Amino acid sequence: MVERTLSIIKPDAVERNLDIDIKSFFKKNGLKILKSKKVKISREEASEFYKVHQTKPFYNELCNYLSSGPIIVMILEGENAIAKNRQLMGATDPLKAEDGTLRKMYGISIDKNSVHGSDSMENSKIEIDFFFK
Ligand code: CMP
């Protein structure tokens, strides 16, 4: 099934000018970039975006981090785009990510893991609306 998902190139990757490489990696692997924009969100917006994690011990740092610098938000489209994007990103912790995945190639730490992708159909709709409505 053709799906849409939200992808974020996080501050650590934008800062290192990895956006062109990351975008071409998505395209090469069958995900079309329907929309893309560079934004800088506030601490409040980050806490709203990541509210599913509000009970987690890392929530505060996570929100500080996402709002710490420019990010690139994209709508990706393709066959099974949600799972496909998660496969291309690799495990959350770059140390555990499989070879050839974005987080293995570019991630610095579990916080600075370069990319975010929606984890379900429900969240992909919510996350796309958050940035593109
Ligand atoms: P992301 O896919 O953007 O979703 C939530 C983020 O929380 C995750 O990537 C990580 O960057 C960050 N995070 C920080 N610590 C942890 C942790 N212990 N477990 C999972 N995610 C974490």
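In the ligand site, an oxygen atom of the ligand lies 2.8 Å from an N or O atom in the side chain of Lys-10. The model is a predicted one. For Tyr-50, the separation between a side-chain N or O atom and an oxygen atom of the ligand is 2.6 Å, and for Arg-103 the corresponding value is 3.1 Å. The residues around the ligand also include His-53, Phe-58, Leu-62, Thr-92, Ile-110, Asp-111, Asn-113 and His-116.

In soluble globular proteins, nonpolar side chains tend to be buried together. The largest nonpolar core here consists of 17 residues, and those with the most contacts inside it are Ile-9, Ile-22, Phe-26, Leu-31, Met-74 and Leu-102. Two or more residues each come from helix H1 (11-15), helix H2 (19-28), S3, H5 and helix H6 (102-106). Another core, of 16 residues, lies apart from it; Ile-8, Tyr-50, Leu-62 and Ile-75 are among its members. When residues up to four places away in sequence are not counted, Phe-26 touches Ser-7, Leu-31, Met-74, Leu-76, Asn-85, Leu-88 and Leu-102.

Helix H7 covers residues 121-132. At 1.5 Å a residue, its 12 residues should span 16 Å, which agrees with the 16 Å between its end C-alpha atoms. Asn-123, Ser-124, Glu-127, Ile-128, Phe-131 and Phe-132 are the buried residues of H7. The elements against which the buried residues of H7 pack include strand S1 (2-9), strand S2 (32-39) and helix H3 (43-49).

Conventions
Residues numbered from 1 in each chain as written. Predicted model: local features only at pLDDT ≥ 70, side-chain atom pairs only at ≥ 80, totals over all residues. Heavy atoms only, no water. Helix = DSSP H or I, 4+ residues; strand = E, 2+ residues; numbered from the N terminus. Expected span 1.5 Å × (residues − 1). Buried < 20%, exposed > 50% of the residue type's maximum accessible area, 1.4 Å probe, protein only. Contact = heavy atoms within 4.5 Å. Core = buried A, V, L, I, M, F, W, Y, C linked by side-chain atoms within 4.5 Å. Near = heavy atom within 4 Å. Polar contact = N/O pair within 3.5 Å; in protein donor to acceptor, adjacent residues only side chain to side chain.
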